Amino acid sequence: MSTSAAAKRIIPLLDRVLIQRVKAETKTATGILLPEKAVEKLNEGVVVAVGPGNVTKDGTTIPTGLSEGDRVLLPSYGGSPIKLDAVKDKEYLLFRAEEILAKLQ
């Protein structure tokens with residue numbers, strides 16, 4: 001099963017957003033390889049799936065301001081890690097839309 005097919009099996013509910021964390025470069029611009037321990041996690045990710053949005057008391061849905069493919073800035077802590085058996089090197093996190101700090105352009 002491919003990465004996208006495995007992630008597409010997860011459909012977020014309400015205002016939840018499934019994020020794939022962007023991996024930091026393990027190689028410098030000059031070609032020097034960095035050890036894994038020296039590379040820190042980036043606070044950046046790509047939106048893989050978005051829930052329909054919050055539902056108000058009167059039943060109307062308030063859509064989320066994000067869409068698939070958006071690059072976002074993530075908080076240092078938070079989110080629920082999602083483990084997919086088919087994908088070992090990809091890290092997925094499930095956030096509420098309100099926890100996302102910013103949309104990057």
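What follows is a working chat about the predicted model shown above.

Trainee: What should I keep in mind about the model and its numbering?
Mentor: This is a predicted model, in which local features need pLDDT of at least 70 and side-chain atom pairs count only at pLDDT 80 or more, while totals for chains, interfaces and linings use all residues. Residues are numbered from 1 along each chain as its sequence is written, and side-chain values use heavy atoms, with hydrogens and water left out.

Trainee: How many helices and strands are there in the protein?
Mentor: The protein has one helix and eight strands, these being DSSP runs numbered from the N terminus (helices: H or I, at least four residues; strands: E, at least two).

Trainee: Which residues make up the largest nonpolar core?
Mentor: Nine residues make up that core, namely Val-17, Ile-19, Val-47, Leu-66, Val-72, Leu-74, Leu-93, Phe-95 and Ile-100, and strand 1 (16-21) and strand 7 (87-96) each supply at least two residues of this core. A nonpolar core is a set of buried Ala, Val, Leu, Ile, Met, Phe, Trp, Tyr and Cys residues joined through side-chain atoms within 4.5 Å, where buried means under 20% relative accessible area, exposed over 50% and partly exposed in between (1.4 Å probe, protein chains only).

Trainee: Switching to charges, how many salt bridges does the structure hold?
Mentor: The structure holds four salt bridges, each being a side-chain nitrogen of Lys or Arg within 4 Å of a carboxyl oxygen of Asp or Glu.

Trainee: Which residue forms a salt bridge with Asp-15, with the closest N and O atoms 3.0 Å apart?
Mentor: That partner is Arg-96, and because Arg-96 lies in strand 7 and Asp-15 in the loop between helix 1 and strand 1, the pair ties together parts that are 81 residues apart in sequence. Asp-15 also forms a salt bridge with Arg-16, where the closest N and O atoms are 3.8 Å apart.

Trainee: And is Asp-15 buried or exposed?
Mentor: Asp-15 counts as buried because its relative accessibility is 5%, whereas Arg-96, at 31%, counts as partly exposed.

Trainee: What about Asp-70, which residue does Asp-70 form a salt bridge with?
Mentor: Asp-70 forms a salt bridge with Lys-103, the closest N and O atoms being 3.7 Å apart, and this pair links distant parts of the chain, with Asp-70 in the loop between strand 4 and strand 5 and Lys-103 in strand 8 (residues 102-104), 33 residues apart. Asp-70 counts as buried at 14% relative accessibility, while Lys-103 is partly exposed at 46%.
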